[in-house]
Amino acid sequence: MSIKDKSAVLSLIVPVHNEEATVNIFYDTLQNIKKELPVAINFYFIDDGSDDKTLSIVKSLNKKDESVHYLSFSRNFGKEAALYAGLQHADGDYVAVMDVDLQDPPELLPEMLSEVMTGPYDAVGTRRVDRRKTKIIRTWFSTRFYKWMNRVSQMHLVEGARDYRVMKRQMVDAILSLPENQRFSKGIFTWVGFNTKYIPFEDRDRVAGKSSWTFWNLTKYGIEGIVSFSTLPLTIVTFLGLFSFGLAVVAGIFIVARALIDNTSVAGWPSMATIILFIGGIQLLSLGVIGRYLSAVFLETKKRPIYISKEKR
């Protein structure tokens, strides 16, 4: 490290949900990394409504180490809410986000912080460059998602980017200025701008426990990202409607012309059923897409809090 400033503070946000097997391992690992940091460090464990011993373990760490802080939710609000709560309560000069399962390499933290403190960067993030330890089908969908998002939105998501990053206070304040309820942090980190560098790393296993992220949860998260940062699906629906309308006009002209020319009536139930199903399918698809956007608007207009705190210290 080329700079030492123990008067500065790094706030480390750690969302946890049913992670009783990993919290102590994470804490012990970070104690070793802590020695390499040029600043003081505070831990902010955000318990997202765990129903195991996670909160009890965090409380015990809080009692023995004054640098450990925690906040627990009244129920499970999701990782996005936990990230937001952590950013709200972290008061350090620099703020980092890291998963507790140590799939985010903690040994990169000193380098990331050094780049932010001494380099031209407002943030240093990480990106996973391979997914050898991830299921093939999940890897395929993840790759398609990043390519799709970069085509349909006006921002560029770095493929394999993780939430694991170190940010300056100015960037954190900019993120907190976005009060939306339906949050997609990867998109928000990119949308606010600022000069960001990404450090690549190879995939690694969890140190313990089991991930609470199912394939369905990831799918819903991806849909939220598309709805939050792109209106292209609505444009596609519009063109589908125009296309089906054009087909209907052509079919109408054909039927009238045939009746005027030979005045014959041929049974056409299969073709009629196909046309009805085709148009009906487009209508249902259109309603589904529009409904998803309306539901996002509906949730935003309620102005419900992103999370509800049960206790904190």
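Two strands count as paired if DSSP finds at least two bridges between them; strands are DSSP runs of E of at least two residues, helices runs of H or I of at least four, both numbered from the N terminus. On that basis, 8 strands here form an open sheet with mixed pairing, in the order β7-β5-β6-β4-β1-β2-β3-β8. β7 (196–201) and β8 (309–312) are the edge strands with a single partner each, so one side of each has no neighbour in the sheet.

This is a predicted model: local features need pLDDT of at least 70, side-chain atom pairs count only at pLDDT 80 or more, and totals for chains, interfaces and linings use all residues. Residues are numbered from 1 along each chain as its sequence is written, and side-chain values use heavy atoms, with hydrogens and water left out.

Inside the sheet, β2 (residues 40–47) and β3 (residues 68–73) run parallel over 5 bridges.

Next, the cores. A nonpolar core is a set of buried Ala, Val, Leu, Ile, Met, Phe, Trp, Tyr and Cys residues joined through side-chain atoms within 4.5 Å; buried means under 20% relative accessible area, with a 1.4 Å probe and protein chains only. The largest has 37 residues, and L12 and F26 are among those with the most contacts inside it. A second, separate core of 26 residues includes L83 and V172.

Last, D130, in the loop between β5 (123–128) and α5 (136–152). D130 counts as buried because its relative accessibility is 15%. Beyond residues up to four places away in sequence, D130 touches F201, E202 and D203, contact being heavy atoms within 4.5 Å.

Conventions:
Buried means under 20% relative accessible area, exposed over 50%, partly exposed in between (1.4 Å probe, protein chains only).
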